[in-house]
Amino acid sequence: MSEKVAHLVFDVESIADGDLISKVRYPDQNLSDREAVATYQDELMEQRGTTFIPHTFQIPIAVVIAKVAANLELLDIVSLDEPEFRPHVITENFWRGWEVYRTPQWVTFNGRSFDIPLMELAAYRFGISLPAWFKSDGYKSPRNRFNSTAHLDLQDVLTNHGAARCNGGLNLVAQLLGKPGKMGLTGDKVQEQWDAGHKMAISDYCRCDVLDTYFVFLRTQVLTGRITLHEEIKLVQAAKQWIEQRADSCEAYASYLASWSNWTNPWEVAESKLQPESEPQPESEPQPESEPDSQAM
């Protein structure tokens with residue numbers, strides 16, 4: 001890849017570690033992995049109205065990363081350790097890839113509170129050293145919450161670091177741009193899909209989330225003044241062509257395109273309404289017929 005990778009836009013899908021849940025939360029109940037997960041989910045539903053298990057009890061089983069150039073062009077999208085999806089290999093490839101590309105900016109949606117902590121804890125679990133990521137350098141430290149050079153959480157951008165809430169999440173902000181948002185599978189169904197052996201379906205779901213995140217990333221760059229709206233529109237067109245070129249060999253891309261809606265540019269609509277209608281041309285008066293030329297006979 002000749003272009004330098006400046007941004008890594010990524011998303012993580014994970015499942016609960018039933019054995020860990022059993023040992024930590026139900027040590028005396030001799031529950032199987034599935035029983036422990038189900039029991040914990042029942043408790044969470046009763047207490048919090050959700051079945052989502054905290055990241056500390058989860059392991060990554062799919063990570064998809066979009067490689068993006070400094071000019072924000074989409075270069076490539078990869079699903080780590082596909083089709084094996086081994087958590088320890090995914091984690092190793094995730095962090096080592098960041099180092100190989102010389103520590104580009106991570107870009108996520110809500111990654112500050114979920115994806116990054118999950119991948120840090122996975123590195124801890126699997127014994128992977130991350131000296132560059134844990135470097136202590138004051139406010140420039142990569143893990144500093146406000147160091148957006150190391151990690152740009154788009155939810156932080158849109159909520160002023162949590163001062164407001166982004167109700168609707170990635171699904172909402174993607175659909176504001178005419179992008180598909182959530183299609184079929186949702187995060188709370190990943191565990192069920194994994195148990196059923198549908199690993200590729202999870203990876204495809206993750207791949208579509210990364211595309212949504214990339215397009216939201218582009219619009220935030222318009223919002224913050226890094227690029228113009230015209231430049232973003234050109235980048236979106238180029239990315240769509242990139243997806244179209246790969247749709248025949250990737251079901252996720254074909255599904256994404258099938259749910260694609262073009263964003264309505266209000267500035268173009270307003271401009272078209274301001275264009276003056278062409279004035280009707282007056283009808284020309286009939287000309288008198290010329291006298292026949294006697295010599296033409």
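Modeller: A polar contact is a pair of N or O atoms within 3.5 Å. This is a predicted model.

Biologist: What makes the Thr-108 and His-151 side chains a polar contact?

Modeller: Their distance is 2.7 Å. The cut-off is 3.5 Å. So the pair counts as a polar contact.

Biologist: Why is Thr-108 called buried?

Modeller: Its relative accessible area is 1%. Buried means under 20%, so Thr-108 is buried. Thr-108 sits in strand E4 (residues 105-108). Beyond its neighbours within four places in sequence, Thr-108 is in contact with Phe-10, His-151, Leu-152, Asp-153, Leu-154 and Thr-213.

Biologist: How do you know that the buried residues of H2 are on the same side?

Modeller: The buried residues are Ala-36, Val-37, Tyr-40 and Leu-44. They cover an arc of only 95° around the axis, so they share one side of H2. In general, an α-helix has 3.6 residues a turn, so residues three or four places apart point the same way.

Biologist: Which elements do the buried residues of H2 pack against, and which residues are exposed on the other side?

Modeller: The buried residues pack against strand E1 (5-16), helix H1 (18-25) and helix H7 (190-195). Arg-34, Asp-42 and Glu-46 are exposed on the other side of H2.

Biologist: What span does H2 reach, and what is expected?

Modeller: H2 has 16 residues (33-48) and reaches 22 Å from its first C-alpha to its last. That is close to the 22 Å expected at 1.5 Å a residue. Just after H2, Gly-49 takes a positive phi of about 75°.

Biologist: Which residues other than glycine have a positive phi?

Modeller: Leu-72 is one, at about 75°. His-161 is another, at about 55°. Most residues other than glycine have a negative phi.

Biologist: Why is Leu-72 called buried, and why is His-161 called partly exposed?

Modeller: Leu-72 has a relative accessible area of 0%. The limit for buried is under 20%, so Leu-72 is buried. Leu-72 lies in the loop between E2 and E3. His-161 has 30%. His-161 lies in the loop between helix H5 (154-159) and H6.

Definitions and conventions:
Residues numbered from 1 in each chain as written. Predicted model: local features only at pLDDT ≥ 70, side-chain atom pairs only at ≥ 80, totals over all residues. Heavy atoms only, no water. Helix = DSSP H or I, 4+ residues; strand = E, 2+ residues; numbered from the N terminus. Buried < 20%, exposed > 50% of the residue type's maximum accessible area, 1.4 Å probe, protein only. Polar contact = N/O pair within 3.5 Å; in protein donor to acceptor, adjacent residues only side chain to side chain. Contact = heavy atoms within 4.5 Å. Expected span 1.5 Å × (residues − 1). Arc of directions from axis to C-beta.
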